[in-house]
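Dear colleague,

Please find below the structure that I am handing over to you.

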Amino acid sequence: MNRANPLITGPQTRWTNIVRSIDWVVVTIAAGIIALALINLNSTQGGDWSGPLVRDQLRFVVIGGVLMIGAAAVDYRVYYRAAYPIYAIGFGFVLLVTIVGTTTNNATRWLDLAFVRFQPSELMKLVLVIGLARYLHSLTRREVRHGFVARLVVPGLLVLLPAVLVIKQPDLSTGIMLMLIALSVLAVTELELKTLLTLLATGALAFTVAWSFFMQGYQTKRIDVWLDPESHPDEAYQIIQARTAVGNGGFFGRGVGQGTQNVLDFVPYKESDFSFAVFAEEWGFVGSTMLLALYMSLVLWAINLASQARDRFSACLCIGIGAMFMWHAVLNVGVVLEFFPNTGLPLPFFSHGGSNVVTMMMALGVLMSVSRSRKWR
């Protein structure tokens with residue numbers, strides 16, 4: 001006689017289903033990055049675990065973790081139905097910055113609400129992915145291949161409208177980040193070579209025009225300093241010190257809290273823009289490779305989830321979220337290694353700051369929502 005074994009199957013409560021549907025790959029990789037980030041931030045503040053950098057970052061991680069769990073518990077089809085309202089709210093916050101935003105260091109990028117201060121341009125990265133994925137899902141195959149307006153103009157407006165407002169704050173690097181994320185999502189919609197070349201040519205033309213008429217003096221100066229740092233020793237101080245820190249790390253690093261560039265406070269913005277320089281000096285080539293492998297694993301897992309997704313909407317979500325992590329890591333680390341001019345973009349979880357940490361954790365929650373639907377098929 002066949003009988004079900006209750007010790008094996010057990011009662012299936014809602015909480016049990018949610019726990020079983022957690023994507024432990026995402027959780028494990030994110031936990032590894034966050035743990036290294038907290039160790040690195042503690043090192044930048046002299047090894048005092050009760051210091052403000054670690055304390056603030058832990059608070060941001062906890063808030064982001066709660067929102068991540070909430071985002072993961074929501075069926076991804078809810079994001080599909082609410083995509084356009086979500087995009088409208090995100091764009092509204094970015095627009096509101098131009099009216100009542102808080103100015104710091106000649107940049108108006110923040111909103112001060114009664115209970116929180118945040119940077120809407122960070123949230124816009126995730127909002128853009130959701131809105132763009134919803135629109136691309138609705139396109140027919142014919143529109144994808146032959147409809148110029150449907151394929152490029154409408155998605156272009158979805159990204160350019162918030163990007164222009166962000167660039168005017170001014171925050172050129174985040175504006176460029178929005179465009180890179182959008183291009184990454186568009187890449188999964190079977191763009192033809194001529195379309196890709198058109199986008200690249202348009203981007204090059206836009207950069208030339210921006211360089212000539214719209215970019216501010218400090219922005220063009222950053223590029224000049226990057227091209228020839230030795231000719232601008234004062235302005236290139238950050239780059240030179242970061243380069244020295246990376247070189248000091250060698251193969252195995254100097255040890256946590258033992259980096260001279262960090263301890264002697266030679267690296268500027270070591271808790272934010274140049275946090276990777278501190279990590280590279282103390283952990284060396286081996287540790288830096290381990291960290292980059294964690295970011296790469298997260299991006300590759302997002303691509304894997306996209307390949308198993310139910311529909312184009314969930315596939316675009318995965319690609320967009322993977323692109324968020326990839327471009328942040330590439331550009332931030334690239335600046336430290338002098339592959340790119342200084343952008344000011346944060347390294348996810350490593351750079352001190354609440355808006356980016358919370359946004360990235362919410363993005364992981366959306367990614368796990370897609371993963372959960374894959375397991376429930």
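This is a predicted model: local features need pLDDT of at least 70, side-chain atom pairs count only at pLDDT 80 or more; totals for chains, interfaces and linings use all residues.

Residues are numbered from 1 along each chain as its sequence is written, and side-chain values use heavy atoms, with hydrogens and water left out.

The chain contains 17 helices and 3 strands; these are DSSP runs, numbered from the N terminus, with helices (H or I) of at least four residues and strands (E) of at least two. Of its 377 residues, 47% are buried, meaning under 20% relative accessible area with a 1.4 Å probe, protein chains only.

The largest nonpolar core has 86 residues. Such a core is a set of buried Ala, Val, Leu, Ile, Met, Phe, Trp, Tyr and Cys residues joined through side-chain atoms within 4.5 Å. Helix α16 (residues 312-336) gives the largest share of this core, 14 residues. Leu364 is among the members that touch the most others. Beyond its neighbours within four places in sequence, Leu364 is in contact (heavy atoms within 4.5 Å) with residues including Val26, Met68 and Phe349.

Valine 278 lies in helix α15 (residues 275-307). Is valine 278 buried or exposed? Valine 278 counts as buried because its relative accessibility is 1%.

Yours sincerely

Conventions: Buried means under 20% relative accessible area, exposed over 50%, partly exposed in between (1.4 Å probe, protein chains only).
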